[in-house]
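Here is a friendly note to read with the model open beside you. Take the points in order, and look for each place as you go.

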Amino acid sequence: MIDIPATKSSPEIKYSEQENTLTISGESYPENSFAFFQPLFEWLHEQLERKAHLHVSINISYMNSSSTKCMLDFLDLLGDTRKHNCSIDITWQYERENDRALELAEEFQDEATVPFRILPYHNPDRHQ
Amino acid sequence: MRNIIEIKEFFAEEGILISFHGSFSHGIIEEIGSAVRRHLEHERLERGIVADVFAVYIEQTQNVRNYLKRKNFLDPAQSSAIVLIVQTEGEYLLCSGNSIAREDVPDLAARLEKINNSDKDALKKMYKEQLRKPLEADATGAGVGLIDIARRATGKLGYRFDRQDESHDFFSLFVKVGGGER
C-alpha cells in the first residue's frame, strides 16, 4: 500500500485498491527528490511483479529538474516490458488553462518510452 | 547600521520585490517561493511568466542550497547566500549569489559558457541527454538545473565571479524572465 499525503513541495502519491489506480498529483520540488520518490519505486517494483494490470493517473502542474529525472525513471520502469508483464495504462491530466503544465506533459510524452494519454480538465476556480 | 529607510528606498529604486540573505533552508525556499507566486498572481501576469519566474527561482535557490550543503563552508561569509527578485518594466530579473570554492569555478564557468552558446533546441537536447545520464552517488540534483533555467530565460544567462578570499570566489547569476521570447 502506498499513501503519501501532499505537502507544499511534494505531490500526493496514493494507490486505490478499489480502482486499481495509482495517483500522483500536486507539485514536486522537494528538498531531495530522489529520497522522496524512493518509496514509490519500492512499491512499484513489488506491484509490477504480481499485478496483471495497473492504472496510473498523473496530474503534476510543476516539477523541478530533479523530480523530472525521477518521473522519467518512473515512466521508463512502467514501460519496461522486459522487467514485468503488468499491463499499464497511464493518463496525464493537466488544467486546460495552464500552458506550462501541458508543455511538461508533452515533453514527457516525447521522451518517455511508455505511451500515455494527455487529458485536459477545466478548473472552475480559475477565471482567465 | 544604515538607516532602514535608505535601504527601503534603494530597494524601491532598484525594483527589488523580494530579497533574502542568509542561510537557505528548504523551508525558507518554500515560503519565499509561495510568497513570490502569490504576489505575481495578484499582478495578473500571464500565467506562463508566473510559472517561469517560480521555476527559475526554485532551481536557482535549490542549486545554491545543494552546493553550500555539500561544501559545508564554516565561515558565515561563505555559508550564507542571497537571492533577489527584481521587477523592471514587464520583465523579472532573478539574481542569486553564493560563495564557490575556487577549484569549482572553471567547471561551472565552462558549463555556463556552453549553455549560453546553445540555442533553445540545443538546450532541449542537452536537457534530455542530462536527464538520461546515470546519477552520481550521493547526488542531490540531476545536474539539469542550469539548463532548465536557461530554457525558461529570455536571452543569455548573466554571471560573474568575484574574488572573495584566497580560496573562494563569489558567484552571481542573473536570469531574465519575461519581456521577450524565451
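1. A word on the ground rules. This is a predicted model, in which local features need pLDDT of at least 70, side-chain atom pairs count only at pLDDT 80 or more, and totals for chains, interfaces and linings use all residues. Residues are numbered from 1 along each chain as its sequence is written, chains are lettered from A in the order in which they are written, and side-chain values use heavy atoms, leaving out hydrogens and water.

2. Start with the overall meeting. In chain B, 36 residues are in contact with 27 residues of chain A (contact means heavy atoms within 4.5 Å). The residues of chain B that touch chain A divide into 12 nonpolar, 7 polar and 17 charged (Asp, Glu, Lys and Arg count as charged; Ala, Val, Leu, Ile, Met, Phe, Trp, Tyr, Cys and Pro as nonpolar; the others, Gly among them, as polar).

3. Now look for charge pairs. There are 11 salt bridges between chain B and chain A (a side-chain nitrogen of Lys or Arg within 4 Å of a carboxyl oxygen of Asp or Glu). One of them joins D110(A) to K128(B), with the closest N and O atoms 3.3 Å apart.

4. Which helices of chain B each supply at least two residues of the side that touches chain A? They are helix 2 (26-42), helix 3 (47-71), helix 6 (120-132) and helix 7 (145-152) (helices are DSSP runs of H or I, at least four residues, numbered from the N terminus). Helix 3 of chain B gives the largest share, 12 residues.
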